[in-house]
Structure formats: C-alpha cells, structure tokens
Amino acid sequence: MSERFDFTGDELAPAYRAAVDAIEAGDLVVLPTDTVYGIAADAFKADAVQRLLDAKGRGRDMPPPVLISVVESLDALATDVPEAGRKLCEKFWPGPLTVICHAQGSLMWDLGETQGTVALRVPDHENTRELLSRTGPLAVSSANLSGQPAALDVYDAEAQLLDSVAVYLDGGAVTGGQPSTIVDLTGDAPHIVRVGALSVQQIRDVVPEATTDLEPDEKPADETVQDEMPQDEKPQDEPTEVPVEASNEKTEDKPEDDKAADVRPADQAHDS
C-alpha cells in the first residue's frame, strides 16, 4: 500500500523518514524536481533499479540517469570528465542539465545496458537535494508509464504508477515542465543529444565547441533517450534518459561538510 507525504513547508521530518526507509528497503519513491516528477530507486541496488524499470514498463536498454545532491560528487561517480563538461556543471548545477560521462569502473551497480557510461544531474529542488544527501545517489526516471507524458504533480504520477511506488512525496505542481537538456561528455567535444529546458545557445555560451545533430532547440522525436531527472527518457519523459550508445550510500544524516561523499565504497555497495 502506497503512502503520500507532504513535501513542502517546514514539517518535513515524516516525509524524509518514510522516503529514506523506502529507499533502504529497495522500494520506489516518487519525488518532485525542478523539471518534472521522478520515480527513484537506490542506484546501488540492482533489484530496486529493475523494479523502477518494471514500474514504467521500460527495458534495460533504457537505463535511468542518476541524481546527486552536490556537484562535488561528480568525480565520485564519473571519470575522465573534460574541462568543458566541468564548466557546464559549474554553470548549470543545480539545474536542468544532465551530463553523460564515463562511469567509475570501481562502482558496483547495475543500471541496465549503459555501455560503461552514467547520466548525472543535480536537481534545482532544495528538499529533493536534502533527501539525496541522506540516501546517496538515486536512479531516477520521469514518473510516468513509458510512452505517457511526464507527471507534473504527484496525483498524475500516482494515477499512472499506482502501488508500484511505496512513497509519494507531494511537492505541489512542478514549475519547470520541460525535461533537462542532455549533453554527452564522452566524445572529443560536448555533444547535445536532447534539448530541453536549456537551449543549444545557452550551452554554447559556456562551451562554444559543443556540437549537436539537432536543429537549434529541437527535441528528439522518438524514444531514443534513457531517463533524466539526470539519462532517462524520451523527450516527454524526464527526470531523464540518454541514448543507450552513450549512457550510468547511505547514511541517516551526513555532516554538512561531508555531502560530497555521495557514494559507498565498492565493496559495500551490495550490502546496504
């Protein structure tokens, strides 16, 4: 039986507690971001990630992206991040930018058929970032059934996903609506593979060398991207997905100065 919690205001303790407990148990949580609502699972629990894919009706060829709480966690999950990519993250995180990077080889996770990559994002939603600081990295896809529009409020998400989700966090209607823009950092130059809330021009204002096969501000017409809210989804599905050929800890409360340590040691990844 699903539970719904208010995720606004100052009385957030019950919502955080329920969400953390659900994630630790390998269950799914729906949460708001600055773009659309997302469905989240522990990125280090393969069965939880599979449960997320099953809930959406999505295959392993569309792995979800990963949301993190702070930009400093980038190097804990990704490797060989180019200077241009760092500039984009420093400029647009927290915000609607998802970057596809080479994943750290030491991380023991199974997000699907990622081809050794991971899609990462820091959402511009204070309460969700606080939750991420408590759970560690979460695999997050847009909160909708595959092929349906992304949910913009918790009730729409609940109507689509029903009891496949243990905890629904109601943060009100999201104000973004557009999915994140996805930039692939695994090639010789940053390559824009989906245009969302950030335009091609906004990306090129920071890294003029960015390339794209899209027309300016064009969004992909088919379902070729994995999930955002950081690698999920097709254009209408956010929190996000990336093209498969390019594609992806836990503490009760982390000290304020330790929020960058968003990853568990590889040898503990399957034990929590």
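Contact here means heavy atoms within 4.5 Å. This is a predicted model, in which local features need pLDDT of at least 70, side-chain atom pairs count only at pLDDT 80 or more, and totals for chains, interfaces and linings use all residues. Residues are numbered from 1 along each chain as its sequence is written, and side-chain values use heavy atoms, with hydrogens and water left out.

**View 1. R204 in helix α7.** R204 lies in helix α7; helices (H or I, at least four residues) and strands (E, at least two) are DSSP runs, numbered from the N terminus. Leaving aside neighbours within four places in sequence, R204 touches A210, T211 and T212. A polar atom of the R204 side chain lies 3.0 Å from the backbone oxygen of A210. R204 is partly exposed, at 31% relative accessibility. On this scale, buried means under 20% relative accessible area, exposed over 50%, and partly exposed in between (1.4 Å probe, protein chains only). R204 and I192 are 12 residues apart in sequence; their C-alpha atoms are 9.9 Å apart in space.

**View 2. I203 and the largest nonpolar core.** A nonpolar core is a set of buried Ala, Val, Leu, Ile, Met, Phe, Trp, Tyr and Cys residues joined through side-chain atoms within 4.5 Å. The largest one has 35 residues. V66, W93, L97, W109, L120 and I203 have the most contacts inside it. At least two core residues come from each of α3 (74–77), α4 (83–92), β6 (97–103), β7 (117–121) and α7 (200–206). Beyond its neighbours within four places in sequence, I203 contacts L88, F92, L97, T181, V183, I192, L198 and A210. A second, separate core has 20 residues, including F5, L12, L67 and L132.

**View 3. C89 and C101, without a disulfide.** A disulfide is a pair of cysteine sulfur atoms within 2.5 Å. The whole structure has zero. For C89, the nearest cysteine sulfur is that of C101, 6.4 Å away. C89 is buried, with a relative accessible area of 1%. C101 is also buried, at 1% relative accessibility.

View 4. Rings of Phe, Tyr and Trp (its six-membered ring) pair if their centres lie within 6.5 Å; planes under 30 degrees apart count as stacked, over 60 as edge-to-face and the rest as tilted. The whole structure has two aromatic pairs. One of them joins F7 and Y16 edge-to-face, 5.6 Å centre to centre, with 80° between the planes. F7 is buried at 1% relative accessibility, and Y16 is buried at 6%. The charged end of R134 sits over the Y16 ring, 4.2 Å from its centre. Such a placement needs NZ of Lys or CZ of Arg within 6 Å of the ring centre and within 35 degrees of the ring normal.

Notes: A polar contact is a pair of N or O atoms within 3.5 Å; within protein, one must be able to donate a hydrogen and the other to accept it, and residues adjacent in sequence count only if both atoms are side-chain atoms.
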